[in-house]
Amino acid sequence: MEATVTTANSEEKTWGGGNEPMGASYGKLMMWFFIVSDALTFSGFLAAYGFSRFKFIETWPLADEVFTHFPFMHGVSAPMYYVALMTFILIFSSVTMVLAVDAGHQMKKNKVVIYMFLTIIGGLIFVGSQAWEWKNFIKGEYGAIETKGGSLLQFVDKEGNRVALAEFAATLPEEREQLTRSKGKWFMDEPSLPSYSVAEVQAGFKAHPELLIRTEVITKEKKKTILSREESELRLSQAHYVVEGANLKRNEYGSKLFADFFFFITGFHGFHVFSGVIINIIIFFNVLIGTYEKRKSYEMVEKVGLYWHFVDLVWVFVFTVFYLV
Amino acid sequence: MSHEHVSNIGRIWKVFGILSAVTIVEVYLGILKPDFLFMNDFLSMNLLNWIFYALTIFKAYYIVYAFMHMEGEKSSLRSAVVFPVIFLILYLLFILLTEGDYIYEVFKNSTIKWNF
């Protein structure tokens, strides 16, 4: 029997615990297991995004036209500055986390408390920023028209600048009442109506001869195609639906899948950040009441640190895939 | 568990500097989009996007190896985590992107114009 024991530490039973495979404690090893599986989950999502994008490679929305908002700067096109700021916030909260782990190694409780607190604040700011980003995405800016064939038409002026529906849509004396459950004959209702009807947009377009239509198709110059006035009128006659902002069914930016993936992947990542903040708060209070001081080890801080860095790692990829490429 | 409790603060700030610098370069390139990178393709993706992916993996390396302290772990743990992830992701990307490109060709060259 003795011969089968292969560890140097023959006092311990190999299968009864006490050994640390690969030199990592049980909790840390399990955290790595979790991180590997979660990393594969996220790469599945991002690869699915890549799949759909390759499928509609000629009509996919251009990211720097979609995310152009910055707080307190209305009407200014500021592509990417805001997400870059969010990236900095998350990287910085990663730094404070790793500083907390470092202080834990030296058993400096007060330092761990301060750095954990900063990490939590950084995480909260990030989740808030994401909520703001979603708000802008859902609200939309210009509005668009969906044709009967399912493609999307946007409006531009002679210089190619985007024009919002509100700037030209006519007001027609038509009344279209929203169908609600209380007015339905059966269990009937409908999603909230767009601000303008298709007829109003068409009439407004006719009254503004300087307007042109931009389709989803990307040209050789990597810009969206702008049609001539005649072609524009022809395409607009096939209008079917007014799209404002974004939801899971359609969005004013282009391909329907684009908004779905945006909501799903950034939402799933935001959920990770949120749960990371909750776990950080629990550990923060444990540090405060001196649990790890008594245990003489701050390894628990190290484990939540691993999770927190992983969230940062995923964001680095989401940032590239959604905003840069 | 490592037994030396040396403080790593210098290294942490250095890595923070590297990650910030790379992010600034990414945003700068993303806004500028220099034509010689943006208009030239390599393996059906433009050079700018290749640069973005390379920089992303560069950042990922520093997050995992410095912040998650992978460089301090045993080499068996390092390989057990890193290799399956890299292999499976490359495999998945190869399959899905090839298939996506194939469907694009079908939409383009046949009578089906819009399906779902």
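Predicted model: local features only at pLDDT ≥ 70, side-chain atom pairs only at ≥ 80, totals over all residues.
Reader: Is B:Met70 buried or partly exposed?
Author: A residue is buried if 20 or more other C-beta atoms, placed from the backbone, lie within 10 Å of its own, exposed if 12 or fewer, and partly exposed in between. B:Met70 has 18 other C-beta atoms within 10 Å, so B:Met70 is partly exposed.

Reader: Which residues does B:Met70 touch, leaving out those up to four places away in sequence?
Author: Two residues are in contact if their C-beta atoms, placed from the backbone, lie within 7 Å. B:Gly17 is 53 residues away along the chain, and its C-alpha atom is 19 Å from that of B:Met70. The residues that B:Met70 touches are B:Val64, B:Tyr65 and B:Arg78.

Reader: In what order do the elements of chain B run?
Author: Chain B has four helices and two strands. Of its 116 residues, 15% are buried. From the N terminus on, the order is α-α-β-β-α-α.

Reader: Which element gives the most residues to the side of chain B that touches chain A?
Author: The contact takes 45 residues from chain B and 43 from chain A. On the chain B side, the elements giving two or more residues are helix 1 (9-32), helix 3 (47-67) and helix 4 (75-109). With 17 residues, the top contributor is helix 4 of chain B.

Reader: Which residues of chain B does A:Lys55 touch?
Author: A:Lys55 lies in helix 1 (residues 26-55) of chain A. A:Lys55 has 25 other C-beta atoms within 10 Å, so A:Lys55 is buried. Not counting residues up to four places away in sequence, A:Lys55 touches B:Gly100, B:Ile103 and B:Tyr104.

Reader: How far apart are the centres of the two domains of chain A?
Author: Domain bounds come from an automatic or database domain assignment. Domain 1 of chain A covers 43-140 + 258-324, and domain 2 covers 144-244. Taken over C-alpha atoms, their centres are separated by 36 Å.

Reader: Which residue stands opposite A:Glu146 in strand 5 of chain A?
Author: Two strands pair if DSSP finds at least two bridges between them. Strand 1 (residues 144-147) and strand 5 (residues 239-243) of chain A pair in the antiparallel sense over four bridges. Opposite A:Glu146 stands A:Tyr241.

Reader: Which residue is the bridge partner of A:Ile145 in strand 2 of chain A?
Author: Strand 1 and strand 2 (residues 152-156) of chain A pair in the antiparallel sense over two bridges. They form a hairpin with four residues between them, and A:Gly150 in the turn has a positive phi of about 95°. The bridge partner of A:Ile145 is A:Leu153.

Reader: Which residue of strand 3 of chain A is the bridge partner of A:Val156?
Author: Strand 3 (residues 212-218) of chain A is mostly covered, with five of its seven residues buried. Three bridges join strand 3 to strand 2 of chain A, and the two run antiparallel. The partner of A:Val156 is A:Leu212.

Reader: Which residue takes a positive phi in the hairpin of strand 3 and strand 4 of chain A?
Author: Strand 3 and strand 4 (residues 224-226) of chain A run antiparallel and are joined by two bridges. A:Arg214 stands opposite A:Ile226 in strand 4 of chain A. Five residues lie between the strands, and the one with a positive phi near 60° is A:Lys222.

Reader: How far apart are the end C-alpha atoms of helix 10 of chain A?
Author: Helix 10 of chain A is mostly covered: 21 of its 26 residues are buried. The expected span of a helix is 1.5 Å times one less than its number of residues. Helix 10 (residues 299-324) of chain A should therefore span 38 Å, which agrees with the end C-alpha distance of 37 Å.

Conventions. Residues numbered from 1 in each chain as written. Chains lettered and ligands numbered in written order.
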